[in-house]
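Please examine the model shown below together with its sequence. The report that accompanies it is arranged by topic.

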Amino acid sequence: MKVTLIGAGPGDPELITLKGIKALQSADVVLHDALSSTELLAYCKPDCVIVNVGKRFAQHSCNQDVINHLIVEYAQQYGHVVRLKGGDPFIFGRGYEELEYAERHGITVEVVPGISSSYAVPALAGIPLTTRGMSESFWVITGTTKDHSLSNDLSLAARSSATVVVLMGMHKLPEIVETFAQLGKINLPVAIIQNGSRPDEKIVTGKVGNILQLAQAEGIGSPAIIVIGKVAQLADKVKEISQLADY
């Protein structure tokens with residue numbers, strides 16, 4: 001019996017690791033979430049059992065207890081279970097909870113890290129989270145805590161000069177904006193990237209003072225990455241260079 005926790009990356013199916021692909025090819029069962037590309041399932045054996053256990057904010061198809069139970073049940077019944085998760089399984093992915101539960105039931109667990117959307121999606125949009133003279137560090141914060149409140153870490157991050165990246169935070173965008181505005185940072189650049197790395201990616205850029213209106217006008221929704229800090233303005237420079245190159 002074996003379980004392999006695989007990070008599928010931020011959405012583009014080509015951003016999974018080679019080790020992740022090899023694990024998919026040997027899987028007897030794959031439990032995949034809503035943010036992992038279904039194109040990756042083409043690597044599975046013809047007789048592989050494929051189960052969608054995806055969760056989205058306010059639209060849970062399976063709660064975590066059910067997923068934990070299924071991982072163990074399928075491992076005991078079939079042998080090798082792959083748990084395919086978007087991004088990296090240990091960055092707001094509850095991967096460690098699944099690892100711990102499986103090991104308590106005597107099942108060997110292997111972890112295959114994935115490319116996290118927290119840094120990959122901004123990078124693909126031309127936003128370096130750190131760059132000389134502009135940002136020396138970055139925070140990655142969840143917009144969805146266990147009790148669905150805004151993380152207290154956001155107010156700490158907002159007081160720093162670091163780039164702040166918020167995952168799963170679109171439903172908390174008004175509160176996020178207010179946190180920075182109360183510190184007088186209404187002119188701080190913000191970029192929001194929806195469906196990052198996918199063909200339907202949408203990017204809106206602005207400042208703390210107007211990003212709410214801009215995001216609403218562009219119809220930006222989840223899943224999206226929110227980047228707050230000086231480096232967020234670099235997405236516009238990449239766009240300008242791209243437009244010049246088209247001439």
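The sections below describe the nonpolar cores, several helices and their surroundings, and a number of individual residues of this predicted model.

## Nonpolar cores

The largest nonpolar core comprises 23 residues. Within this core, the residues with the most contacts are Leu154, Val164, Ile176, Phe180, Ile192, Ile226 and Ile228. At least two residues of the core come from each of α5 (153-158), β9 (163-167), α6, β10 (189-194), α7 and β12 (224-228). The greatest contribution is that of α6, which gives four residues.

When neighbours within four places in sequence are set aside, the contacts of Ile226 are Val164, Val165, Val166, Gly169, Met170, Leu173, Ile176, Val190, Ala191 and Ile192. Another core, of 19 residues, lies apart from the largest one, and its members include Val72, Leu99, Ala102 and Val109.

## Packing of α6 and α7

A pair of packed helices is described by the angle between the two axes and by the distance between those axes. For α6 (residues 173-181) and α7 (residues 211-218), the angle is about 155° and the axes are 10 Å apart. An angle over 145 degrees counts as roughly antiparallel, and α6 and α7 are therefore roughly antiparallel to each other.

On the α6 side, the residues that meet α7 are Leu173, Pro174 and Val177. Their counterparts in α7 are Ile211, Leu212 and Ala215. Classified by residue type, the contact of α6 with α7 has six nonpolar residues, no polar residues and no charged residues.

## Helix α3 and its surroundings

Which residues of helix α3 are buried? In this helix, which spans residues 95-104, they are Gly95, Glu98, Leu99, Tyr101 and Ala102. Viewed down the axis of α3, these buried residues fall within an arc of 165°, so they line one face of the helix. The elements that cover them include β1 (2-7), α2 (64-78), β6 (80-85) and β7 (108-112). Two of the buried residues of α3, Leu99 and Ala102, are also among the members of the 19-residue core.

Just after α3, Gly106 adopts a positive phi of about 75°. Arg94 is situated in the loop between β6 and α3. With a relative accessible area of 41%, Arg94 is partly exposed. The C-alpha atoms of Arg94 and Lys185 are 33 Å apart in space, and these two residues are 91 residues apart in sequence.

## Helix α4

Helix α4 covers residues 117-124, and its buried residues are Ser117, Ser118, Ala120, Val121 and Pro122. Among the elements that cover the buried residues of α4 are β8 (138-142), β9, β10 and β12. Gly126 follows α4 and has a positive phi, near 85°.

With neighbours within four places in sequence left aside, His80 is in contact with Lys2, Thr4, Ala23, Ser26, Ala27, Asp28 and Val29. Along the chain, His80 and Lys172 are 92 residues apart, and their C-alpha atoms are separated by 38 Å.

## Backbone features in loops

The peptide bond from Ser222 to Pro223 is cis, and its omega is near 0°. Pro223 belongs to the loop between α7 and β12.

Positive phi values also occur at residues other than glycine. His148, in the loop between β8 and α5, has a phi near 65°. The relative accessible area of His148 is 46%, which makes this residue partly exposed. Ser197 is not a glycine either, and its phi is positive, at about 80°. This serine lies in the loop between β10 and β11 (202-207). In terms of accessibility, Ser197 counts as buried, at 15%.

Notes
Residues numbered from 1 in each chain as written. Predicted model: local features only at pLDDT ≥ 70, side-chain atom pairs only at ≥ 80, totals over all residues. Heavy atoms only, no water. Buried < 20%, exposed > 50% of the residue type's maximum accessible area, 1.4 Å probe, protein only. Arc of directions from axis to C-beta. Contact = heavy atoms within 4.5 Å. Axes fitted to C-alpha atoms, helices over the stretch in contact; angles between N-to-C directions. Parallel < 35°, antiparallel > 145°, perpendicular 65-115°, else oblique. Nonpolar A, V, L, I, M, F, W, Y, C, P; charged D, E, K, R; others polar. Core = buried A, V, L, I, M, F, W, Y, C linked by side-chain atoms within 4.5 Å.
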